[in-house]
Amino acid sequence: MAIEAARLSPSLAAAAFLGRRSPPTAPLLRRLCLLLPRRSLLASASTSSSRASSGGDDRVVALSSSELRKRRGSTSSTPTPGEDDKLRSLRRLFARPDIAIDAYIVPSQDAHQSEFIAECFMRRAYLTGFTGSAGTAVVTKNNAAFWTDGRYFLQAEKELSHDWTLMRSGNHGVPTTIEWLNDVLPSGSRVGIDPFLFSSDAAEELKAAISDKNHELILIRDFNLVDEIWGESRPAPPNEPTRVHAIKYAGVDVASKLSFVRSQLDENGCDTVVISMLDEVAWLLNMRGSDVPHSPVFYSYLTVEMSTATLFVDSNKVSEEVLEHLKKAGVKLKSYEAILFDVERLAEKGAKLWLDSSSVNAAIVSVFRSGCDRYMRKRGKTERQIGKEASSDDPTTKKRGVQNMELNGLYKASPVTLAKSVKNESEIRGMKNSHLRDAAALAEFWCWIEEEVRNNVALTEVQVAENLLEFRRKQDGFIETSFDTISGYGANGAIIHYRPTPDSCSSVGSDNLFLLDSGAQYVDGTTDITRTVHFGEPSPRQKECFTRVLQGHIALDQAVFPERTPGFVLDVLARSSLWKIGLDYRHGTGHGVGAALNVHEGPQSISYRYGNLTALQKGMIVSNEPGYYEDNSFGIRIENLLLVKEVNLANSFGGISYLGFEKLTFVPIQRKLIDLPLLSPSEINWVNEYHEQVWEKASLDTKHVAT
């Protein structure tokens, strides 16, 4: 990007100077004269290099990790010290009388189904050595298998030892964890899980599926088996202080948010709702924390009743300011561990609980059902059923307590999930302002790195990420990164969620593509942006692939669609240009993003997975990030964040509203990677108009301070 991108239009040059108090120096002003005018793309299209076939001669090809191990004589394919011991120690626990299991499943999540988790809860990473954010390990007495999705196939190949069998989820012929367990275990086996780490839905699905082979699901609640072998070397739980998220950023006070939740309780005939997702607790209470890397959340649960609310959190994380903030909203404090006791107590009283079974863990639901059992016995009932109510449309949900000799919890999506995803005016303003400050940091960064590479300065992928962090730290309101920076040069860029480490990273040069996916947490917003650049001369193959990814990005950005349209309907727009030459990518096209919260947020998404029927709504924020990854060669991704907005059209068929997108991200796209004859005139106009917006929004005269 940087200067190469600026040659497409004058956008980046202005952005690079954003925040500087003095005018550009004379040499910099002379560089501006080299910038092409607005219609330069259209004018130069006829002289662009011809398109390459899918088998371009100039691409850089790297060897597979297994082949590299053979040629280097590496021992990375054999277990490093302690790896065999971990599996052996875990399997020894299987035989303990108080455990007595034949298999154990280790997921990636914590007790709140978080994507990013505290180090002390990284059990799957400790056991397997795989450091990606998604995956499931299953250990039996004789086998160890690991499942992950297409984002992590190459990373898993590199990081797993030969003790583990890699299961590439989604590939043809690859069994699911349940199918595999049913195949390898003898009938009547016992499968153990930590119920805190599985949602209630996931545990119920697992229990039902393995029962087909007469297997039994064992909930081991008192301790986690990986923690047992981790021992004293396990990191301590986080103990970071919480803070108040100011009303000027939150937009709505806590009392109003709680009032909304209580109206939902009343409408659905419930007494209490249990909130377990960390970002939902933080949003509802206008609080933020730093217990989890990259996410401004804190470990806690929240229960909201009709007249009170209780936050379950370690009290030493709550300052006097936060305590006063909570008291003002009528929120009480209890210890983090007290959640199970309180849920059981409410069940024993006959209270009707609203539980989001897709996120509330199986341990909570288990104690709730135990409490319901005791309540029924107290009432002298010998017959009872604890059932699920699928919808509040059922008139029976208007009643509370015992209904036709049944005691029900309402198992339904949390009332906070959708409310949080639709941003209010203050949250939108904060997201826009934080993105413009982020654009300034990135403009300066790209100018810096291009100069370093041009001068043959040796830079590793890790050093690049560290320097980007320093540019962002200069920006007002910066807190931390919103995820581990994906800094991938050449073949590493093909690892979709690659994470460089000092002892195993590449140097960034001018012979291949460089993919940089990064983001930041600011006090007023959250950013996530990907750009792919080439500091030398890209091959025809690389240019064609990049341009087709860009076409998909443009198509999604320009989409107009009727209200109530789910995100999966739009996914094809981002892939169509790649499909025309038989290419695709193994990840979704867009995810929701929180406002000064988690960089990955539900319930909305734009993905080929058509199971998510959540409609995109005005005020939601999603990413637009199509890509293409040539294994062991290079990776391409272009990512902006988009705000869903209402569009004014000449017609309104059926009397409904139509929606479109407004860009939040303003960083140029590198010109030299575009194969111009592939672009239509309207696509060329989009590129030029986008860079004009960069110039206008990220300029010397505009201030976007987090006040």
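Predicted model: local features only at pLDDT ≥ 70, side-chain atom pairs only at ≥ 80, totals over all residues.
Me: Hi! In which sense do E3 and strand E4 (residues 165-168) pair, and over how many bridges?
Reply: Hello! E3 and E4 pair in the parallel sense, over four bridges. Pairing here requires that DSSP finds at least two bridges between two strands, and helices (H or I, at least four residues) and strands (E, at least two) are DSSP runs numbered from the N terminus. Residues are numbered from 1 along each chain as its sequence is written, and side-chain values use heavy atoms, with hydrogens and water left out.

Me: Thanks. What is the bridge partner of Ala145 in E4?
Reply: That is Thr165. In E3, Ala145 is also the bridge partner of Val138.

Me: And how do strand E2 (residues 136-140) and E3 pair?
Reply: E2 and E3 pair in the antiparallel sense, over four bridges. They form a hairpin, with three residues between them.

Me: Is E3 buried or exposed?
Reply: Buried: five of the five residues of E3 (residues 144-148) are, so the strand is largely enclosed by the rest of the structure. Buried means under 20% relative accessible area, exposed is over 50%, and partly exposed is in between (1.4 Å probe, protein chains only).

Me: Which way do the residues of E3 point?
Reply: Ala144, Phe146 and Thr148 point one way, while Ala145 and Trp147 point the other way.

Me: Switching to helices: at what angle do H21 and H22 pack?
Reply: H21 (residues 540-557) and H22 (residues 571-579) pack at about 155°, and their axes are 7 Å apart. That makes H21 roughly antiparallel to H22. For reference, angles under 35 degrees count as roughly parallel, over 145 as roughly antiparallel, 65 to 115 as roughly perpendicular and the rest as oblique. Axes are lines fitted to C-alpha atoms, for helices over the stretch in contact, and angles run from 0 to 180 degrees between N-to-C directions.

Me: Which residues make that contact between H21 and H22?
Reply: From H21 they are Cys545, Arg548, Val549, Gln551, Gly552, Ala555 and Leu556, and from H22 they are Leu573, Ala574, Ser577 and Leu578. Contact means heavy atoms within 4.5 Å.

Me: What about H19 and H20, how are they oriented to each other?
Reply: H19 (residues 425-454) and H20 (residues 461-473) pack at about 135°, with axes 9 Å apart. They are therefore oblique to each other.

Me: Which residues of H19 meet H20?
Reply: Asp438, Ala441, Leu442, Glu444, Phe445, Trp448 and Ile449 do, and they meet Val464, Asn467, Leu468, Phe471 and Arg472 in H20.

Me: Which strands does H20 lie across?
Reply: H20 lies across E17 and E20, and runs at about 160° to E17. The open sheet there has three strands in the order E17-E20-E21, with antiparallel pairing. E17 (478-481) and E21 (525-526) stand at the edges with a single partner strand each, so one side of each has no neighbour in the sheet.

Me: Last one: where is Leu418 found?
Reply: Leu418 is found in helix H18 (residues 415-421). At 37% relative accessibility, it counts as partly exposed. Leaving aside neighbours within four places in sequence, Leu418 is in contact with Pro603, Gln617 and Met620.
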